[in-house]
Amino acid sequence: EEAIARNTWLPHLYSNVGLSALHLANFYKNTDNKLTSEYLFYSVQSYEKAANKGTNNPLHLYNLMKIYGLIGQFDKSYEIGEKILKIRLDYKDTFSVLIQFAELANNTDKAKEYAKRAYEAFPNNPEYQKMYEKYFVTE
């Protein structure tokens, strides 16, 4: 906290704290639900700060998107995913993660939407072809 207090403008510091909190949440997940919840909450807060400080860096948004999905806040995950896609359409596996979260949420319409957008943006990507076929090609 002292390092962050001295360098509040460095988004990577917040990101590192968020990652550490996520690891601690994972460590306590089978033994202490209260600590697990507290560390997940702290992780979300830290990644939100990182994303706010590093506004054009999709890495912080990507990690925040994944944390929201991990804790079942899929609507927030979709919202963050959209911000990532506006910054950089081909960032990591953003489309794949969004499709997976939509499937976990049993939101077939959202999964189809992301599968279609991914395929249209990257028609030669085998993973996106497979996802598109899963939802749009009938046998």
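I began with helix H3 (residues 33-53): at 1.5 Å a residue its 21 residues should span 30 Å, and its end C-alpha atoms are 30 Å apart, which agrees. The expected span is 1.5 Å times one less than the number of residues. Helices here are DSSP runs (H or I, at least four residues), numbered from the N terminus.

I noted that the model is predicted: local features need pLDDT of at least 70, side-chain atom pairs count only at pLDDT 80 or more, and totals for chains, interfaces and linings use all residues. Residues are numbered from 1 along each chain as its sequence is written, and side-chain values use heavy atoms, with hydrogens and water left out.

**Helix H3.** I looked up the N-terminal end and found Asp 32 as its cap, with a side-chain oxygen 3.1 Å from the backbone nitrogen of Lys 34. I then listed the buried residues (under 20% relative accessible area, 1.4 Å probe, protein chains only). In H3 these are Thr 36, Leu 40, Ser 43, Val 44, Ser 46, Tyr 47, Ala 50 and Ala 51. They pack against helix H2 (11-28) and helix H4 (58-70).

**His 60.** I located His 60 in helix H4. His 60 is buried, at a relative accessible area of 0%. Its side chain makes a polar contact of 3.5 Å with that of Asn 57; such a contact is a pair of N or O atoms within 3.5 Å, where within protein one must be able to donate a hydrogen and the other to accept it, and residues adjacent in sequence count only if both atoms are side-chain atoms. Leaving aside neighbours within four places in sequence, I found His 60 in contact (heavy atoms within 4.5 Å) with residues including Pro 11, His 12, Tyr 47 and Gly 54.

I recorded the buried residues of H5 (residues 74-87) as Phe 74, Ser 77, Tyr 78, Ile 80, Gly 81, Ile 84 and Leu 85. They pack against H4, helix H6 (94-104) and helix H7 (108-121). The largest nonpolar core has 28 residues, and Leu 64, Met 65, Tyr 78, Ile 80 and Ile 84 have the most contacts inside it. H3, H4, H5, H6, H7 and helix H8 (126-136) each give two or more residues to this core. A core joins buried Ala, Val, Leu, Ile, Met, Phe, Trp, Tyr and Cys residues through side-chain atoms within 4.5 Å.

Conventions. Buried < 20%, exposed > 50% of the residue type's maximum accessible area, 1.4 Å probe, protein only.
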